[in-house]
Each structure stands twice: as structure tokens, then as C-alpha cells.
Amino acid sequence: MTDIAWIDAALTSARPQALGALLRYFRDLDTAEEAYQNACLRALKTWPQNGPPRDPTAWLILVGRNTGIDDARRRSKQQALPPDEVISDTDDAESELAERLDGSHYRDDILRLLFVCCHPDLPATQQIALALRIVSGLTVKQIARAFLVSEAAMEQRITRAKAAVAKAGVPFETPGAVERSERLAAVAAMIYLIFNEGYSASGESIAQRAPLCDEAIRLARLLLRLFQSEPEIMGLMSLLLLQRARAAARYDADGGIVLLDDQDRSLWNREMIAEGMALIDKAMRHRRSGPYQVQAAIAALHAGALSPADTDWAQIDLLYQTLEKQQPSPVVTLNRAVAVSKVQGPQAALDLIEPLAARLGGYFNFHGVRGALLMQLGRGDEARAAFNQAIALANTTAEAAHIRMHIDRLMAESTKAAAPATT
Amino acid sequence: MLYAILCYHDETFTGSWSKEHDDAVMEKLTVVQDKLTRQGRLGPVARLLPTTAATTLRKEGDPPLVIDGPFAETKEQLLGFYVIEAKGLDDALEVARDLGRANPGGSYEIRPVGLFRPGSIAT
């Protein structure tokens, strides 16, 4: 590996832990980031000459902390105010190398770093942007590109998010067991949001947005390494891997979404599937089920089916029923309806979703699924009306195109199915 | 004599490699492996999934205890292994150096094999 590639990988892998430790010392996100930045600059200058340190992360923490303290001292001479209260434990500068080895410390450091990004006051888009900037270390330009907004707009979004975090105050006390599990859940949700930002991309934006999926997987891996026995984090990691494994088969040449049934399964990434399967297997042993595990189990049944016809829809129906209990939502029921239609037929599925009309009437996919079921029941006119409603409600042209493709396929299928009856 | 070459590295670090870098490393390693294959000296080769996918069975108790992940929190993890035929330690070290040039960083533990059964798994 070249020096630069090596340093790049070392800085990327050290970042969450080093920045997390610096945030604990300085208790201020901007100061910690600046200190980390300075340590990285120093690394780029000295590592190629002196060779890499034995422990790059410890080196970055030590240097970052020293430069941060120097800066604070310099500022305290220029301004009259002593900023010493913003620097915690400055007297044990020698002990940090030993301290870093304390596993629980660095677990909470990294968790805190992730957790400050998902403050409940922040809208989801700001949480994601902040996490990508702070934890992943992506540049504002990279994040702006992934969100399809201008760099200036993204800069502003991140600045606003940071101000909100600073105002809310970072929680520095070591969390108790309950707090820790609450933080873990908030961070897991935020990582899933990042993944979905990438996963929901279509058309021309795929190349820019798909890397968000890999970044989410990297963050989930980081989290799982810290909390190796948490079945829901295993479930999250498994779910992300199993969904990401289909990437190469999910889009056609024009960037349109290819439905699961139509995907070329030989394009699925077998290594990701193997890891995803291993993780859900491990997670279920704990007998502490949760929404990520159930969704991963559903994804695993799809990933394990050699062809659409081999899919165990009855089991998927059961898993969706479990998910409905854990996370009651009309959207989950709508998804379950697809499994029900395969097991019990379209009428049973339609009966299941009709009561959802009041709550999901504004959701394009509701009308899409309803249209498909009506079509299967031979109620063509009603089906077309439902599809038109779906297209009208689609938020993006990609969604509309997706529905149209769905219609085309169903039309073709219903002609096929109808053919024997007419001859 | 058979030797196992056990590959250790910080998986957080190797996990930060880009797909391109990972592919390039694998390609270079394949060149070394192909040479050994031609010489009839290459046994099983395995690249292991991350330790987060691992489970440990502690056998002291009855029933044995099942734990998530490898037990010890160490800086470097076992990421894979090779089994090779070598004339002796120098020869085995030579192979390890070749592999190391293709994939620098981390360490290889060169360990003589006591019992070897090639097994019956068809891949």
C-alpha cells in the first residue's frame, strides 16, 4: 500500500474512536473536530517521514488533545476569559494511552459521538447529514452530492444541526444501562435512515447516493463491534447486508428499479448474504426478538430462495404478523398483504388492506398494491383507477415510473393468466 | 512438512479499505497463490468473515457456554489462513514474505501442522 493510501485507511478507521475521545475531553464538538483535524494534518506531515505509529488511534488522540489544549491556552491569553472550564481532566495528560485501553470508555465515547448526531430535536435529514460529517468524516461536498443539494445548502444544514446540538448540550456522564440501550436504539434508527437514503435512490442519482448504503453498513459494523451481544444490532447489520447484497440486480440499464421477483439472483452478492445470514442466525439464538431481527429474517428468506417460486411466503406472512405486533403500522400490514396474497390469494389480501384506506389513502404504494390485487381478481376497471391514483400520488418521477412498470407487468401477467380461459 | 499461515490484522483497519483496494490486494495474493498451486504446495485457503459474525463456545462448563464474538478483545484478529507445503521454516517464511509483499500490514503466524485431513467439502 502506498503511504497515502495507508494513512488514509488509518485515519478513516481511527476517526470515530479518536474524535469520540476528544469530544469527551473538550466537551464541545467544534473544538474536538478542530483538534482532530490538526492531529490529522500532523499525521500527514510526520507519518511518511517517521513511519506509522504502532497505534495510530492513540497517537491521534494524544496529539489532538495536546493541540486542542495549546489552542485553548493561546485563546485564553488573547481573550480575558479563562476557558479552562471547557477542558476536562487536563492534569492527566500522561495517562490517556492506558486509559484508551479501557473498553467501556471507548465504547461510550463512540456511542456518544453517534448519539449527539441523533438528538430528537433534529429532523432526520439533519441527523443523517451530521453523522456523515462528524462520524464518517465525509466532506460537506460529498454529503451535498449524496443529498442532491448544493454545497452551500448542506453547509448551512450542518451548521444549523451543530448549533442545535451545542444548545441542547452533549450528554457527558457515563450512561447507565437503560440510557445506553436508549442511545443504542436511537443510533440504530439513524443508521437505518442513512441506509434508506442510499437504498431509495433511483435513476441518475444512484451513483451519487448508493455509497450512503456502504457508509451505513460501515457505521453498523462499528456499532456491532462495540456491542457484540446485542441481537437487535446484529439484526440491523444483517438487514443492511441482505438488502445491500441485491444492489447489482436492483436496477435496470436506465436506473429503474427491478422488482424482487424479476431480479437476476446470480447477481446477488453471496459474501454479503453469507454474513447477513450468519448474523441473523446468531441474533435469533438470544430469543430477544425485535423489529430489525424480524425484518432481517424476512430478507433472509428472500435471500435464501433460489427463485421467486421457492420463497417461503407462509413464513414471511408469520414474520410480518410478528412485526405488526412489535411495530404496529399500516405500512407493515400493507407489506404483509403481499405475502398473504401469495399464500391465501388476492381476496384475502384485499380484505386485509381495505380497512387501511383511511390511514394510507395518501400513500402511493397503498393504491399500487390495491391495484395489483384487484387486477389479479379480474376487476380491471377498479384496478386501473387504483393505479392512476398511485401515479397521481407518487412523490417522484421514479416512483411513478415504478408503478407504471408494475402495471405493465400485471397487464402482461393477467393476459397470460386469462389466455387459457378464453381459448 | 505442512505449515499453516495464520493471518492477523486489525479488522477495523482492513474494513476501511475501499472496494478497489480490497480487489487489488486479492488480485496480488492470487498471483502468489497461483504460483504455489502450480508447484503443488497450496492446501486449503480461507478468508474469514468479520469477528462480529463469530460465536465462541466455552467448553469448561456443562453445558458449554455460547458467547458472541471472539472472547478476547485484541488489537489484531484472525482474518484467514493458508495451509502450505514447505521444506522447512525458512521455506515457509519465504512463502509468507511473498504473501506479505502482496498484502503488507498486520502479521502472519507460521505454525507447523500436526494433523491434517483435507476433508470432503466440495466447493
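Visitor: Which residue of E4(B) is the bridge partner of B:Thr55?
Guide: This is a predicted model, in which local features need pLDDT of at least 70, side-chain atom pairs count only at pLDDT 80 or more, and totals for chains, interfaces and linings use all residues. Residues are numbered from 1 along each chain as its sequence is written, while chains are lettered from A and ligands numbered from 1 in the order written. Strands E3 (residues 55–58) and E4 (residues 65–68) of chain B run antiparallel and share 4 bridges (strands are DSSP runs of E, at least two residues, and helices of H or I, at least four, numbered from the N terminus; strands pair if DSSP finds at least two bridges between them). Within E4(B), the partner of B:Thr55 is B:Asp68.

Visitor: Which strands stand at the edges of the open sheet of chain B?
Guide: The sheet has 4 strands with antiparallel pairing, in the order E2-E5-E1-E6. Two of them have a single partner strand each, so one side of each lacks a neighbour in the sheet. These are strand E2 (42–47) and strand E6 (107–112).

Visitor: How is H17(A) oriented to H18(A), roughly parallel or roughly antiparallel?
Guide: Helix H17 (residues 330–344) and helix H18 (residues 346–353) of chain A pack at about 160 degrees with axes 7 Å apart (axes are lines fitted to C-alpha atoms, for helices over the stretch in contact, and angles run from 0 to 180 degrees between N-to-C directions). Angles over 145 degrees count as roughly antiparallel and those under 35 as roughly parallel. The angle therefore makes H17(A) and H18(A) roughly antiparallel.

Visitor: How many residues does domain 3 of chain A give to the contact with domain 2 of chain A?
Guide: The domain assignment, automatic or from a database, places domain 2 at 104–227 and domain 3 at 229–311 of chain A. Their C-alpha centres lie 23 Å apart. Contact requires C-beta atoms, placed from the backbone, within 7 Å. Domain 2 of chain A gives 19 residues, and domain 3 of chain A gives 17 residues.

Visitor: Which element gives the most to the side of domain 2 of chain A that touches domain 3 of chain A?
Guide: Helix H9 (177–199) and helix H11 (211–226) of chain A are the elements giving two or more residues to that side. With 7 residues, the element that gives the most is H11(A).

How values were computed. Two residues are in contact if their C-beta atoms, placed from the backbone, lie within 7 Å. Angles under 35 degrees count as roughly parallel, over 145 as roughly antiparallel, 65 to 115 as roughly perpendicular and the rest as oblique.
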